[in-house]
Amino acid sequence: MKKIYLLALAGFSFASMNAQTVFSTNFENWTATMPDDFSGSKGNMTGNVNQITSGAVYGSYTAQLVNTTTSHTKIATTEVSVMKDTVYEVQFWAKGEGEIRTGLYDGELSSGDYGFIYSPYISINSPSVWVNHTQTISADTATSIAQFLLSVKNTVATGHLEIDSVVISKAPYVVPTFTSIYDIQYT
């Protein structure tokens, strides 16, 4: 019986380490002034995204996001499929000064959020050093027209915010902790 339990636990552990990637980019491909992978219709930063050609974490380019106002503007991924009540992990590298948050447009209007869901803002104050950030977000509905968002505000004119290497995955399954019958009976 112990062998079966250990094999089952090992299988759950292996499955939890392999999160499924639904989107990734390191900003290598651009058309005009927008990165190709962030050309979704729910973005509104046209003219405020710059291709930076040096100092990338991965690849050759980064995206500089400019918004010095207190109102947010955003870039949106191309359309991807998401599943209802699934948690997605958004990882990205950032440097500069300003505030950034991740979001998701899933088109679900009945929850009163107009189809947009956002994580809390992260304050970035790292003008020259890249820092890796992770946020999670959950979809209200299953859809094939979802767009993940990077929403920024309060960027500082000396460097604004630079973003590199965005990877969005289904959050890994967390293996539950089991309590033995012995521990329950004898505590």
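## Briefing: strands around β11

Seven bridges connect strand β8 (residues 87-105) to strand β11, and the two run antiparallel. Strands (E, at least two residues) and helices (H or I, at least four) are DSSP runs, numbered from the N terminus. Two strands pair if DSSP finds at least two bridges between them. This is a predicted model, in which local features need pLDDT of at least 70, side-chain atom pairs count only at pLDDT 80 or more, and totals for chains, interfaces and linings use all residues. Residues are numbered from 1 along each chain as its sequence is written, and side-chain values use heavy atoms, with hydrogens and water left out.

**The whole chain**

- The chain has two helices and 12 strands.
- Along the sequence the order is α-β-β-β-β-β-β-β-β-β-β-β-β-α.
- The chain has 187 residues, and 40% of them count as buried. Buried means under 20% relative accessible area, exposed means over 50%, and partly exposed is in between (1.4 Å probe, protein chains only).
- The accessible surface of the chain is about 10200 Å². Carbon and sulfur atoms own 55% of this surface. Such areas come from the Shrake-Rupley method with a 1.4 Å probe; for residues, only the protein chains shown count as cover.
- Take the contacts in the chain with a separation of 6 or more: 78% of them join residues 24 or more positions apart. Contact means heavy atoms within 4.5 Å.

**Confidence**

- The mean pLDDT of the chain is 86, and 82% of the residues score at least 70. pLDDT is the predictor's confidence in each residue, from 0 to 100.
- Among the elements, β8 has the highest mean pLDDT (97) and α1 the lowest (39).
- Residues 1-17 have a pLDDT below 50. Beyond near neighbours in sequence, this stretch has eight contacts in the model.

- Strand β11 covers residues 143-153. Nine of its 11 residues are buried, so the strand is largely enclosed by the rest of the structure.
- Val80 stands opposite Ala146.
- In a regular strand the side chains alternate between the two faces of the sheet. In β6 both faces are covered. Thr73 and Ile75 are buried on one side, Lys74 and Ala76 on the other.

**The nonpolar core**

- In soluble globular proteins, nonpolar side chains tend to be buried together.
- The largest nonpolar core has 31 residues. Such a core is a set of buried Ala, Val, Leu, Ile, Met, Phe, Trp, Tyr and Cys residues joined through side-chain atoms within 4.5 Å. Ile100, Phe148, Ile163 and Val166 have the most contacts inside this core.
- Strands β5 (62-65), β7, β8, β10 (122-138), β11 and β12 each supply at least two of the core residues. Strand β8 gives the most, with six.
- Beyond four places in sequence, Val166 touches residues including Phe23, Phe38, Val90 and Leu150.

**Aromatic pairs**

- The whole structure holds five aromatic pairs. Rings of Phe, Tyr and Trp (its six-membered ring) pair if their centres lie within 6.5 Å; planes under 30 degrees apart count as stacked, over 60 as edge-to-face and the rest as tilted.
- Phe27 and Phe38 have ring centres 5.6 Å apart and planes at 15°, so this pair is stacked. Phe27 and Phe38 are both buried.
- Tyr88 and Phe148 have ring centres 5.6 Å apart and planes at 65°, so this pair is edge-to-face. Tyr88 is in β8 and Phe148 in β11, 60 residues apart. Tyr88 is buried at 0% relative accessibility, and Phe148 is buried at 2%.
- Phe23, Phe27 and Phe38 make up one aromatic cluster.

**Two single residues**

- Ser165 sits in strand β12 (residues 161-170). Its relative accessibility is 14%, so Ser165 counts as buried. Beyond four places in sequence, Ser165 touches residues including Tyr58 and Trp93.
- Gln20 lies in the loop between α1 (2-17) and β1 (21-25). Gln20 is partly exposed, at 44% relative accessible area. Its contacts beyond four places in sequence are Ile168, Ser169 and Lys170.
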